[in-house]
Amino acid sequence: MNSSHSFHIITLGCPKNIADSSKMEESLLRCGLNLSSSPEKSDLLIINTCTFITEATNETIETILEAVDLKKKSNQKLIVVGCFAERYSKEIQEEIPEIDLLFGTGKYSQADEIIRSHFPEYFQQKRPDLELLKRNLHLTSKKKNNSSFAYVKISDGCNRGCHFCIIPTLRGSFHDSPKEEILQDVHKALSEGAKEICLVSQDTVFYGKSLDELSNLIQTITEIEDLKILRPLYLYPDKKTYKLLDLFLTNEKIAPYFESPIQHVSEKVLKSMNRIGNKNFFIDLFKKARQRKDLEIRTSIIMGYPGETAKDVDEVIQFIQEVKPEKLALFGFSPQEGTKAYLLSEQLEEQEISHRVNLVREAHLEVLKEIHISRIGETYPAIVDKVGKKESIVRRFQDAPEMDEVVYVKNSNLKVGQIGKVLIDNFSEYDMDGVFLE
Ligand code: SF4
C-alpha cells in the first residue's frame with residue numbers, strides 16, 4: 001500500500017468547471033490520494049478543460065501541451081477531462097498520444113472510479129486508511145478555509161438550444177441536482193469557511209418543475225445562519241427571471257447583483273440565435289432589477305453574429321448607454337463547428353467582428369468611467385477575498401468573485417472572509433482602491 005501518491009487539478013473555463021473540479025477533488029481524496037499544490041510534483045495531473053469559444057479552446061490546447069512537456073521531465077500521468085475532451089476525444093487521441101486518460105463531462109461523477117480503474121497502482125489496494133482520509137479531508141478544508149466564497153452547482157446541461165452554443169452538445173440536456181445534495185454542498189462549503197455561495201448552472205432559472213422550487217431553494221439557503229451572501233448566477237432573461245426578481249427585492253441575503261446574459265438586443269439577431277427577448281423587454285427586466293437601489297448588473301453580449309447589420313450594432317450601443325450595465329462580458333462571435341450558427345451564410349470577417357466588439361467596448365468604458373466617478377467617496381458592504389503583506393483584496397457585494405472588479409486596500413490585520421464596508425477612493429479601468437472599514 002502506498003499512501004504518498006498525489007494529484008493536482010488544473011481548472012480552465014467557467015465557475016461550473018470549478019464546481020466540477022471541486023467534486024472530483026473530494027472523491028479522489030476519499031480514495032486516499034493526496035492533493036498536491038504543484039502540478040510538477042503530482043503523480044496524476046488532471047486538466048479540466050473548456051472549449052466554449054475559440055479562445056478557450058486555444059488556452060486548453062496550450063495548457064495540455066505545457067503539461068505534455070512537464071510530463072517528459074516528471075513522468076507523471078496526464079489526465080484530460082471536461083468539455084474539450086468530450087468534444088474532440090477522437091482528434092485528441094490521435095494528435096496527443098502522450099495523454100494517458102481522457103474522458104468527457106458526462107463522466108465527471110465517476111471520475112474517481114475511472115481514474116482508479118486505469119491507474120490502480122496509484123491507489124490503495126484496500127479500503128482507504130481512515131486516519132489518512134481524515135488527514136486528507138482536514139488538509140483540504142484547511143486549504144478551502146482560505147476562500148471567502150464557494151460555487152455550488154444546482155444543475156447541468158441546457159435545453160435552450162441557442163444556435164451559437166456548443167454547451168448542450170457537451171453537457172447534454174438540462175438536469176438538476178437533488179435539493180438535498182445542493183444543501184449538503186452549501187453546508188459543506190460554509191463549514192469550510194465560505195461566507196458567500198454562488199449558485200451556478202447553465203440555466204439557473206430552469207431549476208425545478210416550477211419557479212416556486214427555485215424560490216424555495218433560494219429561501220432555504222438564505223435561512224442558513226452562517227451564510228452571509230447568496231449569489232444566483234446565469235439567470236436567462238425571460239419572464240420567469242422577471243418574476244424571480246421579486247425575491248431579490250425582498251431577501252437581503254441575496255447579493256445586490258443581477259447577472260442575466262442577453263447576448264444581443266436586436267430582435268432579428270436574437271431570433272436567428274434562437275433566443276427570446278428584445279430590447280424593450282430587456283430594458284424592463286433591468287429596470288425591475290434596479291428597483292433594488294444598491295444592485296449592479298452584469299450581462300453578456302456577442303457581437304458580429306452572422307447577418308448582424310450596422311443598425312443592430314447601433315442598437316446595442318444605445319442599449320448600453322441607456323441601461324448602463326456595470327459589468328459587461330463582451331465576445332466576438334466565433335463560429336463553433338457542430339452548431340447551427342456555424343452553417344449560417346453572411347458570416348462576417350474576423351476584422352469586422354473585432355471592430356464591432358471595440359465599438360461596444362468603448363461605449364461601455366465611457367459608461368463605466370461615469371460609474372466609477374460616482375463610486376468615489378461611497379461605502380459599500382464588502383468581503384475580504386485575499387490578504388497580502390502590503391495590500392489586500394476586498395470585494396463589494398455588488399461584484400462576483402473571479403469575474404468582476406475588486407478593491408485594493410492597504411489595511412493590515414484583515415482576515416479572509418471578514419465582512420465590513422469599503423470606502424472607495426480611487427479607480428483604474430476596472431478595479432478600485434479604497435479603505436476597509438471594519
Ligand atoms: S442558454 Fe443558450 S448560451 Fe446558455 S448554455 Fe444554454 S444553449 Fe448555451
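This is a predicted model: local features need pLDDT of at least 70, side-chain atom pairs count only at pLDDT 80 or more; totals for chains, interfaces and linings use all residues.
Student: Which residues touch the most other members of the largest nonpolar core?

Tutor: In soluble globular proteins, nonpolar side chains tend to be buried together. The largest nonpolar core here has 107 residues, and those touching the most other members are I46, V152, F164, I197, C198, V394 and V407.

Student: Which residues does F164 touch, leaving aside those up to four places away in sequence?

Tutor: F164 is one of the residues that touch the most other members of the largest nonpolar core. Once residues up to four places away in sequence are left out, F164 touches M273, I302, Y305, F333, Q336, T339 and A341.

Student: Are the two faces of strand β9 covered or uncovered?

Tutor: In a regular strand the side chains alternate between the two faces of the sheet.

Student: Which strands pair with β9, and what is the handedness of the crossover from β9 to β10?

Tutor: Strand β6 (residues 149-153) runs parallel to β9 and is joined to it by 5 bridges, with K153 having V200 as its bridge partner. Strand β10 (residues 229-232) also pairs with β9 in the parallel sense, over 4 bridges, and there E196 stands opposite I229. Between β9 and β10 the chain passes through helix α9 (residues 211-222), and this β-α-β crossover is right-handed.

Student: Within what arc do the buried residues of helix α10 fall?

Tutor: In helix α10 (residues 239-250) the buried residues are T241, L244, L245 and F248. They line one face of the helix, because, seen down the axis of α10, they fall within an arc of 125 degrees.

Student: Where does N274, which has a positive phi, lie?

Tutor: Most residues other than glycine have a negative phi. N274 is not a glycine, yet its phi is about 65 degrees, and it is partly exposed, with 14 other C-beta atoms within 10 Å. N274 lies in the loop between α11 (267-272) and α12.

Methods:
Residues are numbered from 1 along each chain as its sequence is written. A nonpolar core is a set of buried Ala, Val, Leu, Ile, Met, Phe, Trp, Tyr and Cys residues joined through C-beta atoms within 7 Å. A residue is buried if 20 or more other C-beta atoms lie within 10 Å of its own, exposed if 12 or fewer, and partly exposed in between; C-beta atoms are placed from the backbone. Two residues are in contact if their C-beta atoms, placed from the backbone, lie within 7 Å. Two strands pair if DSSP finds at least two bridges between them. A crossover is right-handed if, with the strands pointing away from the viewer, the path from the first strand over the helix to the second runs clockwise. The arc is that of the directions from the helix axis to the C-beta atoms.
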